[in-house]
Amino acid sequence: MTRADATARVIAALKTGGPTSRAALARATGLADSTVSVTVGELVTEGILAEDVPAPVPGRTGRPPVLVRLHRSAGLVLGVDLGKSHLRVAVADLGHEVLSERTVDTVEDLPADAQISQVVALADELVAEVGATRAQVVSAAVGLPGPVRRLSGELGDGTILPGWVGVRAGEAMEAALRLPVAVANDADLGALGEWTWGAARGAETAVYLKISTGVGAGLIVAGRPFTGVGGTAGEIGHTVLDPSGARCRCGNHGCLETLAGSQAVLRAVATARGGEAGLREIIAAAHQGDTVSRTAIASSGRAVGRALATLCNLLNPERVVVGGTLAAAGEPLLGPLQDALEEAALRGPREDVEVVPGQLAERAEVLGAVALALRGARPLRREPTARSVRVHGAGSARTSSAGLSTTLKNTRRS
């Protein structure tokens, strides 16, 4: 084992898992304890890693372990979630701390170049806000609502962003940001976000369902994100449930998305009431017992549950995490979804799976983008310095990777 190999393993483990102890690093990398100790010491001296000394916990005996993390000076990453009517950007350091985050509403169906300009402008604002420059950003990842073909980086016809069809999204974003950029389907990033910091954490095989304007699934298989040979796995929203149903934007008829997406819920309520209502209003009304709203949301849940049953029969996941804007409906959506799943799935897959709401809510996709950007980041190097050690008080938000969701909840929002 060369020094370069050991260094690469330690840095890769910290990029993926965040702040951790030397003992946990040894387990994650397969390196000997002595090798980890020497490697960490050298990287701290070089200014690439830093050490955090947790404050003693009242009533707990023994010294808490010193946590090792990538130093703030090792660089920053950008996570971008670009939806049909919103843009969400987060800036994080390589030590897994989100430094700034903002969400803005956008005009629907803008051309790709206009939306890219919005991404660049907001990213530059947030980078400046944390006292950094673009030169300190080492990588970025962007989530888009549609199938992203792995080889070409183009969005397929199933995207809900018509201005992006045929655009090589990765190349376009790299040219605009002047950074290495990974582009992925938003549901895939939601799965990565919930698996890294949320409700799918610890699951070997999991499904993240994003039920919003579109319906998509992000897959974790055997402890790794799975996107298929072309990058388009998980397009559950285009499962045909009713061949004689409404025409879907993909060209087929009766796809799950036409029955279960937010537009289907809005149409159902508008038809029943004879007037339009917003999705948040409908969800709030459902929580208050409004029959029309609950019926529309339940219909969505049942349709998703039927399609999910087939996916469970094929994949046999241990956990399904439900996210997206409709997930805020809670039990009015999840109850019928669970009932339909139990009715349609085989006994084994049905008994093996646990269906849970997401923990990261509307942030799952942008935090998944942060996680993907961290994986592709190449730390900046600086001149060797004295050992960097930070001592945390009892109120510090920074913890090990397992506690990162607390750190994320406390970041600036606007």
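Modeller: A nonpolar core is a set of buried Ala, Val, Leu, Ile, Met, Phe, Trp, Tyr and Cys residues joined through side-chain atoms within 4.5 Å; buried means under 20% relative accessible area, exposed over 50%, and partly exposed in between (1.4 Å probe, protein chains only). The model is predicted, so local features need pLDDT of at least 70 and side-chain atom pairs count only at pLDDT 80 or more, while totals for chains, interfaces and linings use all residues. Residues are numbered from 1 along each chain as its sequence is written, and side-chain values use heavy atoms, with hydrogens and water left out.

The largest nonpolar core comprises 48 residues, and V10, L25, V40, L49, V77 and L94 have the most contacts inside it. Helix α13, residues 364-375, supplies the largest share of this core, with eight residues. Helices (H or I, at least four residues) and strands (E, at least two) are DSSP runs, numbered from the N terminus.

Of the 12 residues in α13, 10 are buried, among them V366, L367, V370 and L374. Its end C-alpha atoms lie 17 Å apart, which agrees with the 16 Å that its 12 residues should span at 1.5 Å a residue; the expected span is 1.5 Å times one less than the number of residues.

L374 is also one of the residues that L94 touches, as are L14, L70 and V138, not counting residues up to four places away in sequence. Contact here means heavy atoms within 4.5 Å.
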